[in-house]
Amino acid sequence: MKRIAYSLLLIFLLSCGSKSELKGNRINVFFRDSLTIPHEYYLLFVRDSALVVAPGFYDAPGKPITIANSKINHVLHSGDGKVKAMFLGGIIGCTTAAATVGIIGIHNRGNTEGGLGIGVTAAVAAAPALVLGMIIGYNLAADEDKYNLEKEGDRYELGGYAKYPDTEPLELQKIK
């Protein structure tokens, strides 16, 4: 039983890596009146009437540009909202599996003849519960990182992910 507990603890600790800054200010912009896929940019600053962005990861390096809010349908930020939801769903799934294994273990406490054993039962119960919990958590957070720039609260929250969240630098103020 200790091995199972140590194994689950090890899996949990390995999944708790450091926060990646790779997607920190990357956004996907969905344009109005467009049937194309969203375009990826690096968010530099959020103005009341426009976004100041740099070309995305897959684009050729270039100068920052502004995109008027009137041209944007909505913006997606691929931050850690879904990762947190998946983590929470995984914890709920593991807790459900642990409770199930505990009930099975109490019920079969004196039974030592044959059977799968508590370790295999734990693995069989924990794996699908963990995956199912992560899927449920991911889907519940589907709209958590979607921002409508017509709303001041969404602009303010999206601005927190920008490279310059508080004040616009002078070199960006020159961009119209």
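**A buried polar pair and the sheet around it**

A polar contact of 3.1 Å links the side chain of Glu40 to that of Arg26, where a polar contact is a pair of N or O atoms within 3.5 Å and, within protein, one atom must be able to donate a hydrogen and the other to accept it, residues adjacent in sequence counting only if both atoms are side-chain atoms. The model is a predicted one, in which local features need pLDDT of at least 70 and side-chain atom pairs count only at pLDDT 80 or more, while totals for chains, interfaces and linings use all residues. Residues are numbered from 1 along each chain as its sequence is written, and side-chain values use heavy atoms, with hydrogens and water left out.

Arg26 is found in strand β1 and Glu40 in strand β2, helices (H or I, at least four residues) and strands (E, at least two) being DSSP runs numbered from the N terminus. The two residues lie 14 residues apart along the chain, and their C-alpha atoms are separated by 6.9 Å. Arg26 is buried, with a relative accessible area of 13%, and Glu40 also counts as buried, at 16% relative accessibility; buried here denotes under 20% relative accessible area, exposed over 50%, and partly exposed the range in between (1.4 Å probe, protein chains only). When neighbours within four places in sequence are left aside, Glu40 is in contact (heavy atoms within 4.5 Å) with Arg26, Ile27, Asn28, Gly56, Phe57, Tyr58 and Asp59.

The protein chain contains 5 helices and 6 strands, which follow the pattern α-β-β-β-β-β-α-α-β-α-α when read along the sequence. An open sheet of 6 strands has the order β4-β3-β2-β1-β5-β6, with antiparallel pairing, two strands being taken to pair if DSSP finds at least two bridges between them. Its edge strands are β4 (65–68) and β6, each of which pairs on one side only. Strands β1 and β2 run antiparallel and are joined by 4 bridges, and in this pairing the bridge partner of Asn28 is Glu40 in β2. On the other pairing of β2, 5 bridges connect this strand to β3 in the antiparallel sense, with Tyr41 standing opposite Pro55 in β3, and a hairpin joins β2 to β3 through 3 residues. Strand β3 in turn pairs with β4 over 4 bridges, again in the antiparallel sense, and Leu51 stands opposite Ile67 in β4. Because 6 of the 8 residues of β2 are buried, this strand is largely enclosed by the rest of the structure.

In helix α4 (residues 152–159), the buried residues are Asp154, Arg155, Leu158 and Gly159. These residues cover an arc of only 135° around the axis, which puts them on the same side of α4, the arc being that of the directions from the helix axis to the C-beta atoms. The buried residues of α4 pack against β1, β2, β3, β5 and β6 (146–147), whereas the face of α4 turned away from its buried side carries the exposed residues Glu152 and Tyr156.

Over the protein chain as a whole, buried residues make up 29% of the 176 residues. Among contacts in the chain with a separation of 6 or more, 60% are accounted for by residues 24 or more positions apart. The accessible surface of the protein chain comes to about 12,200 Å², of which 62% belongs to carbon and sulfur atoms, with accessible areas computed by the Shrake-Rupley method with a 1.4 Å probe and, for residues, only the protein chains shown counting as cover.
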